[in-house]
Amino acid sequence: MLQSIEGVYKNGKVELTELPLDISESIVIVTFLESKKPQQPQQIMQFGMFSGNQQSTEADFQIAECCAVINL
């Protein structure tokens, strides 16, 4: 019977999140999954995204671009 158990490879060792059922010794195959990199949410301002009487203008975008460069 095949079993899949999640684990983490750290400092040359594989740490399993749980013990396999009814297996005291077995040959294993370890597959390394692509690491998840934390992604920062993009802050995108789109024309007309705010409701109400005052809509975004081209000048608003120019001001936002200017401030974004300064804050880098």
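Reply: Helices and strands are DSSP runs, numbered from the N terminus; a helix needs at least four residues and a strand at least two. In this predicted model, Asp22 is found in the loop between strand 2 and helix 1.

Me: How many helices and strands does the chain have, and in what order do the elements run?

Reply: The chain comes to 1 helix and 2 strands. From the N terminus on, the order is β-β-α.

Me: In which sense do strand 1 and strand 2 pair?

Reply: Strand 1, residues 7–10, pairs with strand 2, residues 13–16, in the antiparallel sense over 4 bridges. Within this pairing, Tyr9 stands opposite Val14 of strand 2. The two strands form a hairpin with 2 residues between them, and Asn11 in the turn has a positive phi of about 55°.

Me: How is an aromatic pair classified as stacked, tilted or edge-to-face?

Reply: The angle between the ring planes decides: under 30 degrees counts as stacked, over 60 as edge-to-face, and the rest as tilted. The structure holds 1 aromatic pair. The ring planes of Tyr9 and Phe32 stand at 90°, with centres 5.3 Å apart, so this pair is edge-to-face. It links distant parts of the chain, since Tyr9 lies in strand 1 and Phe32 in the loop between strand 2 and helix 1 (58–71), 23 residues apart.

Me: Are Tyr9 and Phe32 exposed or partly exposed?

Reply: Exposed means over 50% relative accessible area, buried under 20%, and partly exposed in between. Tyr9, at 49% relative accessibility, therefore counts as partly exposed. Phe32 has a relative accessible area of 58% and is therefore exposed.

Me: Which residues make the nonpolar surface patch?

Reply: Tyr9, Val14, Leu16, Val28, Val30 and Phe32 make a nonpolar surface patch of about 640 Å². One of these, Leu16, is found in strand 2 and counts as partly exposed at 48% relative accessibility.

Me: What share of the chain counts as buried?

Reply: Of its 72 residues, 3% count as buried. The chain exposes about 7900 Å², of which carbon and sulfur atoms supply 54%.

Definitions and conventions. Residues are numbered from 1 along each chain as its sequence is written. This is a predicted model: local features need pLDDT of at least 70, side-chain atom pairs count only at pLDDT 80 or more; totals for chains, interfaces and linings use all residues. Side-chain values use heavy atoms; hydrogens and water are left out. Two strands pair if DSSP finds at least two bridges between them. Rings of Phe, Tyr and Trp (its six-membered ring) pair if their centres lie within 6.5 Å; planes under 30 degrees apart count as stacked, over 60 as edge-to-face and the rest as tilted. Buried means under 20% relative accessible area, exposed over 50%, partly exposed in between (1.4 Å probe, protein chains only). Patches are made of residues with over 30% relative accessible area and no salt bridge: like charges are joined within 9 Å, nonpolar side chains (Val, Leu, Ile, Met, Phe, Trp, Tyr) within 5 Å. Accessible areas come from the Shrake-Rupley method with a 1.4 Å probe; for residues, only the protein chains shown count as cover. A salt bridge is a side-chain nitrogen of Lys or Arg within 4 Å of a carboxyl oxygen of Asp or Glu.
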